[in-house]
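Dear colleague,

I am passing on the structure we spoke about, with the sequence and coordinates placed just below. Please have it open while you go through the notes that come after it.

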Amino acid sequence: MGCDGLHKFLSDLPVECWSNAYCLGCRYGDMCSNIAESFNSWIKEAKGMPIATLVNWIRLKIMDQMSKRKLKGATYKGFICPRLEKKVMASIRSGVQWRITKSGDMEWEFFDGTHTHVVNIAKFQCSCKVWFNEQFPCEHAIACMHSNKINVYEYINPYFRIASFRTSYDRPIKPIPDYDKPIDVATGDLVNPPTVLGKKAGTPKKKRIPNIGSASFKRPITCSNCHTQAHHNKTTCPHPPAKKQC
């Protein structure tokens, strides 16, 4: 809320459009565009290729990635993926120091030192709404289940299980030979680039312009020369002091 105009911008939007706590859908822990950023960086070296060649290059990258992840999944042991296993252990450790009070057979009150939360295991719900949004038990629910000797893994969405990870990469992408295709199709020369009207002079930009959320923030400093808050100091000040006359 600290940026200029951000408070007014968000106040005009429904809270379910920008707040994770009021999101009406299940995001499985993701509420960002990082996947698109990662993919753009992944294919950076192939962006200048012809269309058919670019698609084939992406196919080879995904084929190689799926093969590696299939081998990686075969090494996993346990019930859920290692990263999520660490998350469960961290929630158990943090929940030891907080107050947990049982209300019913499957309901607890959890006090974390600041706020009180209501956890209902039977309904897969917590008042913090993290369990619903991420479809993975929040730290309050995990702590309640652990303190009452309830198996946490029985209440984790099958999406996060190792079996689901292995199934995702179980069917590999098959190699596609090109020796029986026309030479222009195999090399990608058949698909011509689109006609662009009013093309700007110079080399097209390949680096994406970052949005406000991903751009780095520069903290303004106070210049000891002009005594204003800006992004310069007295050495780089555009208004140097007048030289003393002898």
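This is a predicted model: local features need pLDDT of at least 70, side-chain atom pairs count only at pLDDT 80 or more; totals for chains, interfaces and linings use all residues.

Residues are numbered from 1 along each chain as its sequence is written, and side-chain values use heavy atoms, with hydrogens and water left out.

As to the aromatic rings, those of Phe, Tyr and Trp (its six-membered ring) are paired if their centres lie within 6.5 Å, and planes under 30 degrees apart are called stacked, over 60 edge-to-face and the rest tilted. Eight aromatic pairs are counted by this rule. The pair of Phe 165 and Tyr 169 is tilted, because the ring centres are 5.2 Å apart and the planes stand at 55°. With Tyr 76, Phe 165 and Tyr 169 form one aromatic cluster. Phe 165 has a relative accessible area of 17% and is therefore buried, and Tyr 169, at 15%, is buried as well (buried is under 20% relative accessible area, exposed over 50% and partly exposed in between, with a 1.4 Å probe and protein chains only).

Phe 9 sits in helix H1, residues 6-11 (a DSSP run of H or I, at least four residues, whereas a strand is a run of E of at least two), and Phe 9 is exposed at 51%.

Ser 127 lies in the loop between strand E4 (125-126) and helix H5 (130-134), and is partly exposed at 42% relative accessibility. Residues up to four places away in sequence aside, Ser 127 touches Thr 116, His 117 and Val 118, where contact means heavy atoms within 4.5 Å. The side chain of Ser 127 also reaches the backbone nitrogen of Val 118 at 3.0 Å.

Cys 144, by contrast, is buried at 0% relative accessibility and belongs to helix H6, residues 139-147. Beyond its neighbours within four places in sequence, Cys 144 is in contact with Ile 100, Trp 108, Phe 110 and Val 119.

Notes:
A polar contact is a pair of N or O atoms within 3.5 Å; within protein, one must be able to donate a hydrogen and the other to accept it, and residues adjacent in sequence count only if both atoms are side-chain atoms.
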